[in-house]
Amino acid sequence: DGEEAKRMIKEHLDNIDVREYFDGYDVYFNPEIKTMNELVEESYHKEKNSMTLIGIFALLCMLMTAMAIIALSSHYAQLNRHATAVRKVFGISRNAVFWNTVWGFALPVLAGAAVAVPPAFIYIGRWLEAYPVRIANSPLIYLCILLVILLVVG
């Protein structure tokens with residue numbers, strides 16, 4: 001039983017005269033005694049709090065990104081309405097106009113992903129190695145994130 005072991009350790013430490021180790025000076029010696037389960041539970045509690053903060057931050061980032069994409073798309077539509085109207089007069093199809101607009105947004109996203117994903121993969125891989133319970137840093141995760149971003153952009 002963990003509580004019994006803690007009590008026995010506390011009793012043993014109370015019987016030790018620590019002044020003999022510190023040349024007779026009065027020293028406050030009252031260590032906090034915890035079981036391994038308590039230490040692990042405390043560690044996971046701190047990680048849970050960190051993950052909650054990271055989740056809130058990620059949600060705010062996604063919200064701001066969605067707002068920026070909407071603003072950019074309406075700005076892009078305003079800038080290109082004249083060119084689109086001229087293309088329609090010359091017979092371009094709605095499908096071609098749609099894909100032209102989508103590629104106008106998708107290409108910068110793909111270029112940004114080509115620059116950002118390799119360092120993020122390396123950094124997150126090293127970060128995950130620090131944990132005692134290891135999970136794989138799969139490239140599939142980054143591909144899924146890129147597909148979701150492309151769906152939002154499209």
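The side chains of Lys 6 and Glu 38 form a salt bridge with an N to O distance of 3.1 Å, a salt bridge being a side-chain nitrogen of Lys or Arg within 4 Å of a carboxyl oxygen of Asp or Glu. Lys 6 belongs to helix 1 and Glu 38 to helix 2, so this pair ties together parts that are 32 residues apart in sequence. Helices are DSSP runs (H or I, at least four residues), numbered from the N terminus.

This is a predicted model, in which local features need pLDDT of at least 70 and side-chain atom pairs count only at pLDDT 80 or more, while totals for chains, interfaces and linings use all residues. Residues are numbered from 1 along each chain as its sequence is written, and side-chain values use heavy atoms, with hydrogens and water left out.

The structure holds 6 salt bridges, including those tabulated here.

| Pair | Closest N and O atoms |
|---|---|
| Lys 6 and Glu 3 | 3.6 Å |
| Arg 7 and Glu 11 | 2.3 Å |

Lys 6 and Glu 3 both lie in helix 1 (residues 2–14), 3 residues apart, about one turn of the helix. Arg 7 and Glu 11 are likewise both in helix 1, 4 residues apart. Lys 6 is buried at 18% relative accessible area, whereas Glu 38 is partly exposed at 28% (buried means under 20%, exposed over 50%, partly exposed in between; 1.4 Å probe, protein chains only). Glu 11 is also partly exposed, with a relative accessible area of 42%. Through shared partners, salt bridges join Glu 3, Lys 6 and Glu 38 into one network.

How values were computed
Helices (H or I, at least four residues) and strands (E, at least two) are DSSP runs, numbered from the N terminus.
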